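I opened the model to look up its strands, its pockets and a few loop residues. The entries follow in the order in which I made them.

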Amino acid sequence: MLTVGDLMTRDVVTLDETDDLVRVDDLLKLHHIRHLPVVRDGRLVGMVSHRDLLRALSRQLAAAGHEPISVTRLMSRDVEMVRPDLPVREAIYKLLDHRFGCLPVVDRERRLVGIITEADFMRMAARLLTAAEARREDATEDSAH
């Protein structure tokens with residue numbers, strides 16, 4: 001059975017609660033990603049998405065002259081997390097049912113060990129399609145002989 005741990009990204013780019021919006025924007029652009037887990041001592045405490053950044057920037061522009069918005073004010077604290085041993089099918093349904101773009105992967109102590117995103121599932125789908133097409137071509141060649 002394929003699990004989340006088989007597909008997840010293990011080298012996760014993260015934020016600290018003391019980071020600000022500039023850091024969020026820099027990391028999103030530098031790594032070409034849309035989701036940043038927020039950790040404290042390696043444990044997941046929240047998530048910041050590209051959408052959160054846009055919302056915060058619009059608020060900051062509306063209230064020009066105020067101090068920068070910190071990650072703690074921006075992050076979602078009620079984050080759906082999964083364990084590495086969760087079957088991939090269940091993770092897919094979590095994303096679909098709740099319209100999430102990603103799921104942080106944590107161990108029993110809630111330490112961040114990876115992240116699984118829509119892109120990970122799209123890469124898996126591409127590999128499965130390539131394999132299915134190769135099998136179809138093999139079957140076509142076999143029936144021609």
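I take two strands as paired if DSSP finds at least two bridges between them. Helices (H or I, at least four residues) and strands (E, at least two) are DSSP runs, numbered from the N terminus. I note that this is a predicted model, in which local features need pLDDT of at least 70 and side-chain atom pairs count only at pLDDT 80 or more, while totals for chains, interfaces and linings use all residues. Residues are numbered from 1 along each chain as its sequence is written, and side-chain values use heavy atoms, with hydrogens and water left out.

**Entry: the sheet**

I began with the hairpin of β2 and β3, which has two residues between the strands. Asp-41 takes a positive phi near 55° in this hairpin. I found β2 and β3 paired in the antiparallel sense over six bridges, with Arg-40 opposite Arg-43 in β3.

I then looked at the other pairing of β2. β1 and β2 run in the parallel sense over two bridges, and Asp-16 has Val-39 in β2 as its bridge partner. I recorded an open sheet of three strands in the order β1-β2-β3, with mixed pairing. β1 (15-16) and β3 are the edge strands, each with a single partner, so one side of each has no neighbour in the sheet.

Next I checked how covered β3 is. Six of the seven residues of β3 are buried (buried means under 20% relative accessible area, exposed over 50%, partly exposed in between, with a 1.4 Å probe and protein chains only).

**Entry: the largest pocket**

For open space I used a 1 Å grid over the protein atoms alone; a pocket is an open set of points where a 1.4 Å probe fits, with protein on both sides within 12 Å along at least five of seven lines, and lining residues have an atom within 4 Å of a point. Grid points are joined across faces, edges and corners, and a volume is the space filled by probe spheres set on the points.

The largest pocket holds about 560 Å³ of space. I listed 19 lining residues, with His-35, Ser-49, Arg-99, Phe-100 and Gly-101 nearest the centre. β3 (43-49), α3 (50-62) and β4 (102-106) each give at least two residues to this lining, and α3 has the largest share, four residues. By type I noted six nonpolar, five polar and eight charged residues (Ala, Val, Leu, Ile, Met, Phe, Trp, Tyr, Cys and Pro count as nonpolar, Asp, Glu, Lys and Arg as charged, and the others, Gly among them, as polar).

Arg-99, one of the residues nearest the centre of the largest pocket, is in the loop between α5 and β4. I noted a positive phi near 60° for Arg-99, a residue other than glycine. Arg-99 counts as exposed because its relative accessible area is 77%.

**Entry: the second largest pocket**

The second largest pocket holds about 270 Å³. Its lining has 15 residues, and His-32, Ile-33, Arg-34, Ile-115 and Thr-117 lie nearest its centre. I found two or more lining residues from each of β2 (35-40), β5 (112-117) and α6 (118-144). α6 gives the most, with four residues. The lining divides into six nonpolar, four polar and five charged residues.

Which backbone nitrogens does the side chain of Asp-107 reach? I found that of Glu-109 at 2.9 Å and that of Arg-111 at 2.8 Å (a polar contact is a pair of N or O atoms within 3.5 Å; within protein, one must be able to donate a hydrogen and the other to accept it, and residues adjacent in sequence count only if both atoms are side-chain atoms). Asp-107 is in the loop between β4 and β5 and counts as buried because its relative accessibility is 19%. Not counting residues up to four places away in sequence, Asp-107 touches Arg-83 and Val-113 (contact means heavy atoms within 4.5 Å).

Arg-110 lies in the loop between β4 and β5. I noted a positive phi near 70° for Arg-110, again a residue other than glycine. Arg-110 is partly exposed, at 35% relative accessibility.

**Entry: Met-81**

Met-81 sits in the loop between α4 (71-74) and α5 (88-98) and is partly exposed, at 23% relative accessibility. Leaving aside neighbours within four places in sequence, Met-81 is in contact with Leu-44, Pro-104, Val-106 and Arg-110. Met-81 and Pro-104 are 23 residues apart in sequence and 5.2 Å apart in space, C-alpha to C-alpha.
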